[in-house]
Amino acid sequence: MRINKINITRFRNLSDFSLELSEGVNLFYGENGHGKTNLLESVVLIVNGRTPRTNRIPEIIPHDGTFAKWDIELVVEDVHHNATCIIETGHQKRLEVNGQAKKKLPGHDRGVFALTFLPEDFRILTGEPFY
């Protein structure tokens, strides 16, 4: 799988954001609280169908809004797809692939998933023990 572009209408602290990814490795850096982890989380949620950061999907909706919406342009096995995810207050998460409602992205049945290593994971290395 290759992700070519990410468009975020609203997702946590990100809004009206668009990013075209280059081939190979893409590096995201910047000050804390500016959305780097939220950007990665948006990709993981649309690819894996869940996020490692919360079990409460409505938390993704910005505090001043009633919905979250983002989409990605991706290629799976040389086929281009447009995937959109929408979360509205009081409704289930919706995923559309090429304009049609789907439960998961193409390739999921062949083991296409996103592996994450988020800032919260560093607690194992740097934090005190927790139970």
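Helices and strands are DSSP runs, numbered from the N terminus.

**Figure 1. Overall fold of the predicted model.** The chain holds two helices and six strands. Along the sequence, these elements follow the pattern β-β-α-β-β-β-β-α. The chain has 131 residues, and buried residues make up 37% of them. Among contacts between residues at least 6 apart in sequence, 49% join residues at least 24 apart.

**Figure 2. The largest nonpolar core.** This core has 25 residues. Those with the most contacts inside the core are Ile3, Ile6, Ile46, Trp70, Ile72, Ala83 and Ile87. At least two core residues come from each of S1, H1, S3, strand S4 (79-88) and strand S5 (94-97).

**Figure 3. Surroundings of isoleucine 3.** Isoleucine 3 is one of the residues with the most contacts inside the largest nonpolar core. Leaving aside residues up to four places away in sequence, isoleucine 3 touches Leu21, Val43, Val47, Ile72, Glu73 and Leu74. Of these neighbours, Ile72 is also listed among the core residues with the most contacts.

**Figure 4. Aspartate 71 in strand S3.** The relative accessible area of aspartate 71 is 19%. Buried means under 20%, so aspartate 71 counts as buried. With residues up to four places away in sequence not counted, aspartate 71 touches Lys5, Ile6, Asn7, Ile46, Ala83 and Thr84. Isoleucine 46 is 25 residues from aspartate 71 in sequence, and their C-alpha atoms are 8.1 Å apart in space. Ile6, Ile46 and Ala83 are also among the residues with the most contacts inside the largest nonpolar core.

**Figure 5. The salt bridge between arginine 10 and aspartate 64.** The closest N and O atoms of this pair are 2.6 Å apart. Arginine 10 is buried, at a relative accessible area of 18%. Aspartate 64 is exposed, at 68%.

**Figure 6. The salt bridge between arginine 56 and glutamate 59.** The side chains of arginine 56 and glutamate 59 meet with an N to O distance of 2.5 Å. Arginine 56 has a relative accessibility of 56% and counts as exposed. Glutamate 59 is partly exposed, with a relative accessible area of 31%.

**Figure 7. The salt bridge between glutamate 88 and arginine 94.** In this pair the N to O distance is 2.8 Å. Glutamate 88 is partly exposed, with a relative accessible area of 30%. Arginine 94 is also partly exposed, with a value of 36%. Strand S4 covers residues 79-88 and strand S5 covers residues 94-97.

**Figure 8. A network of salt bridges.** The residues linked in this network are Arg12, Glu41 and Arg53. For the model, the count of salt bridges comes to five.

Conventions. Residues are numbered from 1 along each chain as its sequence is written. This is a predicted model: local features need pLDDT of at least 70, side-chain atom pairs count only at pLDDT 80 or more; totals for chains, interfaces and linings use all residues. Side-chain values use heavy atoms; hydrogens and water are left out. A salt bridge is a side-chain nitrogen of Lys or Arg within 4 Å of a carboxyl oxygen of Asp or Glu. Buried means under 20% relative accessible area, exposed over 50%, partly exposed in between (1.4 Å probe, protein chains only). A nonpolar core is a set of buried Ala, Val, Leu, Ile, Met, Phe, Trp, Tyr and Cys residues joined through side-chain atoms within 4.5 Å. Helices (H or I, at least four residues) and strands (E, at least two) are DSSP runs, numbered from the N terminus. Contact means heavy atoms within 4.5 Å.
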